[in-house]
Amino acid sequence: MSSQMAKSIHSNPIEGHLRLSNASLDRLPGQIGRPKYDRSGIRPGIVHLGIGAFHRAHQAVVIDDLLAQGASDWGIVGASLRSSDTHDALAPQDCLYTVAIRSGAGAAHRVIGSVLETVVARANPVQLIARMAEPATRIVSLTITEKGYCHTPQTGELDEQHPDIVHDLTNPEASRSAAGFLVAALSRRREAGVVPFTVLSCDNLSANGRAVRRIVTQFASLRSRELGKWIEDEVAFPSTMVDRIVPETTDADRAAVASALGMTDAWPVITEPFTQWIVEDNFAAGRPDFAAAGVQLVADVTPFEHMKLRLLNASHSALAYLGYLAGYETIAAAMANDRFAAFARQVMEDAAPTLAMPAGTDLAAYIASLLRRFANPALHHRTWQIAMDGSQKLPQRLLGTMQDRLRRGMPIDAHALAVAGWMRYVTACDEQGRAIDVRDPMAVELAALAKQTGPMAERLAPALLGVSSVFGTLGSDPPMRSAVTQALARLYALGARQAVQTWRPA
Ligand code: CS2
């Protein structure tokens with residue numbers, strides 16, 4: 001939602017309409033779920049950085065369940081790093097909002113009460129750092145998206161030239177990046193002799209705990225070697241695998257939720273019935289009884305994270321680029337084409353042999369369930385939304401599998417077509433010659449490369465494969481070059497719809 005839209009909803013609630021809030025909760029129709037606890041008795045224990053739709057449909061729902069079971073000191077303070085949209089929408093509603101769970105069978109609505117307060121980091125950095133530094137804050141969790149890590153996607157090393165990192169090194173009290181905030185607050189706790197909070201990444205990165213640990217310790221070491229060492233030794237960074245499909249909320253969704261509630265909710269979130277959270281049980285300052293709310297606690301999340309990234313997210317990205325180019329607005333629309341569904345399945349099946357799963361994991365059943373979830377006709381999950389930030393997503397979703405398959409002498413043509421789809425997409429010009437609104441931190445650089453080479457696979461594919469922050473050494477691997485160049489040539493010759501429809505595994 002644009003901040004303009006959020007503001008207009010906030011300042012001009014629909015005339016005569018009741019607005020969701022603590023005071024209006026008991027006017028909700030009986031079938032609408034709501035907090036089963038007294039919100040006034042809940043204290044914050046978690047600060048969450050990046051309070052977007054995903055967090056509100058996933059982690060905050062788990063916490064809502066736990067609060068209902070009596071874990072009253074684990075409420076959430078939700079921070080947006082940049083925009084004030086979420087704060088503007090939720091603050092007038094006492095931070096209450098609706099989760100609408102949709103499937104072919106219909107919709108169920110539940111009002112969530114676990115978010116107690118919202119903070120806009122850009123406007124109030126000092127307030128946020130103070131919140132994070134309070135002893136009561138025992139977990140700081142993150143959904144800041146891949147680019148929020150300010151790292152080189154291929155290597156996971158902190159990008160020390162990133163403008164936010166450069167800024168935060170000299171202005172810790174007015175931080176902009178997640179690394180800046182985490183280090184400012186951890187440093188404050190160290191000075192005050194307060195145990196550090198646990199840093200809980202909930203982003204779609206391989207070994208996300210290690211990823212955030214790396215950027216935080218690297219950033220801290222740039223400030224002071226001792227601080228870096230203390231963080232390395234004392235702070236826990238468990239990895240997690242998070243899964244729930246959460247499309248962007250539209251105005252039509254707002255209207256549908258308002259009619260179910262009989263009152264306005266400025267920013268409900270829309271999701272599917274499925275939800276999964278697997279967490280490494282490594283918390284330095286305590287944690288709620290996650291298992292009581294269905295969270296799986298494990299010693300090592302890596303295999304599950306790989307499974308999800310290489311099966312779900314990889315095929316999601318493949319469907320996003322090729323589906324967008326083929327004219328499909330949503331994942332469900334692409335999946336309604338049998339050949340696109342078969343192609344998505346192939347991407348998953350090709351990744352499966354690269355995974356080392358614990359005994360008893362049924363990958364075939366997992367793949368079948370993913371295909372059913374993608375086909376959910378009640379979710380309007382736009383291909384354009386998933387296509388965002390591809391330069392940050394490709395390594396962990398597609399390239400790791402390609403590397404592993406090449407090492408074993410296995411064909412990579414399904415993945416090559418997906419990567420070619422990304423290449424065609426980032427030229428920023430679709431098959432009808434219309435502009436594509438490419439959202440990616442590297443969009444300008446990628447479009448400039450495409451402009452230089454022109455729409456010729458033999459020139460464009462090697463040029464993009466040469467972007468080392470995305471492809472690393474894999475980009476110069478001859479079988480990789482040849483597979484991706486051929487796939488891109490087919491894409492240019494046939495168009496995405498035909499290229500997928502006539503695609504057969506090698
Ligand atoms: C999607 C994910 O937008 C994307 O890149 O692939 O957000 C996906 O919906 C979630 O990871 C599902 O858990």
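Me: How many cavities of 30 Å³ or more does a search of the whole structure find, and what counts as a cavity here?
Reply: Rolling a probe the size of a water molecule over the atoms shows where empty space is left. On a 1 Å grid over the protein atoms alone, a cavity is a set of points where a 1.4 Å probe fits but cannot get out, and lining residues have an atom within 4 Å of a point. Grid points are joined across faces, edges and corners, and a volume is the space filled by probe spheres set on the points. In this structure the search gives two cavities of 30 Å³ or more. Bear in mind that this is a predicted model, where local features need pLDDT of at least 70, side-chain atom pairs count only at pLDDT 80 or more, and totals for chains, interfaces and linings use all residues. Residues are numbered from 1 along each chain as its sequence is written, and side-chain values use heavy atoms, with hydrogens and water left out.

Me: What lines the largest cavity?
Reply: Its volume is about 40 Å³, and the lining consists of Ile245, His316, Ile331, Ala332, Arg373, Phe374, Asn376, Leu379 and His381. By class, the lining has five nonpolar, three polar and one charged residue, where Ala, Val, Leu, Ile, Met, Phe, Trp, Tyr, Cys and Pro count as nonpolar, Asp, Glu, Lys and Arg as charged, and the others, Gly among them, as polar.

Me: And which strand gives the most to the lining of the second largest cavity?
Reply: That is strand E1 (residues 44-49), with four residues. The cavity holds about 30 Å³ of space, and residues including Val77, Arg131 and Glu134 also line it. Its lining divides into five nonpolar, two polar and two charged residues.

Me: Where are the buried residues of helix H6?
Reply: Buried means under 20% relative accessible area, exposed over 50%, and partly exposed in between (1.4 Å probe, protein chains only). In H6 (residues 163-170), Asp164, Ile165, His167 and Asp168 are buried. They lie on the same side of H6 because they cover an arc of only 160° around the axis, the arc being that of the directions from the helix axis to the C-beta atoms. Exposed Pro163 and Thr170 sit on the face turned away from that buried side.

Me: What is the strand order in the open sheet of three strands?
Reply: Strands of a sheet pair through backbone hydrogen bonds, either parallel or antiparallel. Two strands pair if DSSP finds at least two bridges between them. Here the order is E8-E10-E11, with mixed pairing. Strand E8 (240-243) and strand E11 (296-298) are the edges, each pairing on one side only. E10 (residues 276-280) and E11 run parallel, joined by three bridges, and Ile278 has Gln296 as its bridge partner in E11.

Methods
Helix = DSSP H or I, 4+ residues; strand = E, 2+ residues; numbered from the N terminus. 1 Å grid on protein atoms, 1.4 Å probe; cavity = no way out; pocket = protein on both sides within 12 Å on 5 of 7 lines; lining within 4 Å.
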